[in-house]
Amino acid sequence: MPRAPRRPSDEARRGAYKPRFDFSRSRRRREDGLLALRRLDRDAGLFKRRRDETAPAVHASDTAPTSDEEAPPASNARPPPGSSSPPDPAAPRNAAESELEGLSELVDKVCSDDTTSQLEATVQFRKLLSDEKNSTVIRIIRADVLPRFAEFLSRHGLPQLQMEAAWVLTNIAASDYTLLVAECGAVPRLVELLRSPNANIRHQAIWCLGNIAADLPSCRDILFDHGVVTPLLSQFRDDMKIPVLRTAMWALSNICFGKLPAEVQVKPILEIVSQLIHSADEKILADACWTVYYICGGVDDAIQDVLDAGVCPQLVNLLMHASASVLLPVIMALARISAGDDAQVQVLIENGILNCLAQMLARNYPKNIKKQACLIVSNIATGNKEQIQAVIDASIISPLVVLLRTSESDIKEEAAWALSNAASSASSEQIQYVLVFGEPGMPRAPLQRPLLQRSRPSVYVSGRS
């Protein structure tokens, strides 16, 4: 008599199904996609920065920044006075190629016990990395000297060697091989160097940490694991030189990008940012505004923290800034704030954002700026009737209608959402105004504010994150 087939075990049955969803893999994919979007938002050069200017002399007794910290990058440098002709651009490349031929000799010097040879070889490695070739970086990485440079960061009695080693790691971290720098043991030593009495070394450590934070979230998480935030915030001092302040603010903005760990306190960061958004320096100002934008999207309930820090009035004032590099992060930060609740949106209205948006929608601003301006109006229009009335009183409906007729498709879409969101919560009189008085050339009769209020409707608001 044939035997009945055995019933498969629970494990075997589960194995016959398709594999379950891999949440960790999905999270990594989203993070990679987020990084790709980030690179579209800003030039890639703003996220990672090489250092190519002349090395400052570092002495153990140095405690203040030297004039070399204020030297412009090599790409903007001019020949020194009295020089008859500019240097041959092929000369450094030829020198670098000849040095690569003797790479094994440099590796031997770096691995030796002689500090003079170590310093000489580290300087040569730093010069080799000035050619910005990936092939050079790859050959140096394959020489397996990164752990040795990380070790040099702890040579507190040899500040020049610390400086050169940090410089080498900075430029490697500016390449596509940042993760190797983050995992070679350099991060805890770089964080330790933020407490160095030498200003040049502190500056170089900030630069390297900023490049590491600019890579994938896994690299930035390594920085958080070693407590980078507090020592980095301690660098912001009243007597900081402008170049150092630029580097520190840029590094802080990179660290704040993406979802921040729950243990990171954003209020101390916002205290620094609330001061620097008043800076006259355009680069510092732009990175401070990017930091606000990142925090609004990277921390739960961060919008209220941002408003409590008092940055909203200045952000609205900066909507009239002449520089597009400042205006873009400003309007994107305000767009994220406008996605808050009615009370948070009311703060924007009370600080005069609608009058600024009316001017921006009616004038010739770049496409991405107008799109964000429409998004803010759309978010405000999902509020209560008083907030919709504020949109009407600011004469924004008419420019929205013009954009709906004449602009590119993506701006038309945002303008349509703004009008649709306003109509979904408006009173009958307000809807009539949108349909009739929103036409260009029609009179704008003031309406009485409605007495009834409705909570923010659950409608789709384009662009919210």
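Trp290 and Tyr294 both sit in helix α16 (residues 282-298), four residues apart, about one turn of the helix. Helices here are DSSP runs of H or I with at least four residues, numbered from the N terminus. Trp290 is buried, and Tyr294 is buried too; buried means under 20% relative accessible area with a 1.4 Å probe, protein chains only.

This is a predicted model: local features need pLDDT of at least 70, side-chain atom pairs count only at pLDDT 80 or more, and totals for chains, interfaces and linings use all residues. Residues are numbered from 1 along each chain as its sequence is written, and side-chain values use heavy atoms, leaving out hydrogens and water.

**Ring pairs**

Rings of Phe, Tyr and Trp (its six-membered ring) pair if their centres lie within 6.5 Å; planes under 30 degrees apart count as stacked, over 60 as edge-to-face and the rest as tilted. By this rule there are six aromatic pairs. One of them joins Phe149 and Phe152, edge-to-face, at 6.2 Å centre to centre with 70° between the planes. Both residues belong to helix α7 (residues 146-152), three residues apart, about one turn of the helix. Phe149 and Phe152 are both buried. The ring centres of Trp290 and Tyr294 are 5.9 Å apart and their planes lie at 25°, so this pair is stacked. Ring pairs also link Phe257, Trp290, Tyr293 and Tyr294 into a cluster.

**Charges over rings**

A charge sits over a ring if NZ of Lys or CZ of Arg is within 6 Å of the ring centre and within 35 degrees of the ring normal.

| Charge | Ring | Distance from ring centre |
|---|---|---|
| Arg126 | Trp167 | 4.4 Å |
| Arg336 | Tyr293 | 4.0 Å |

Key. Helix = DSSP H or I, 4+ residues; strand = E, 2+ residues; numbered from the N terminus. Buried < 20%, exposed > 50% of the residue type's maximum accessible area, 1.4 Å probe, protein only.
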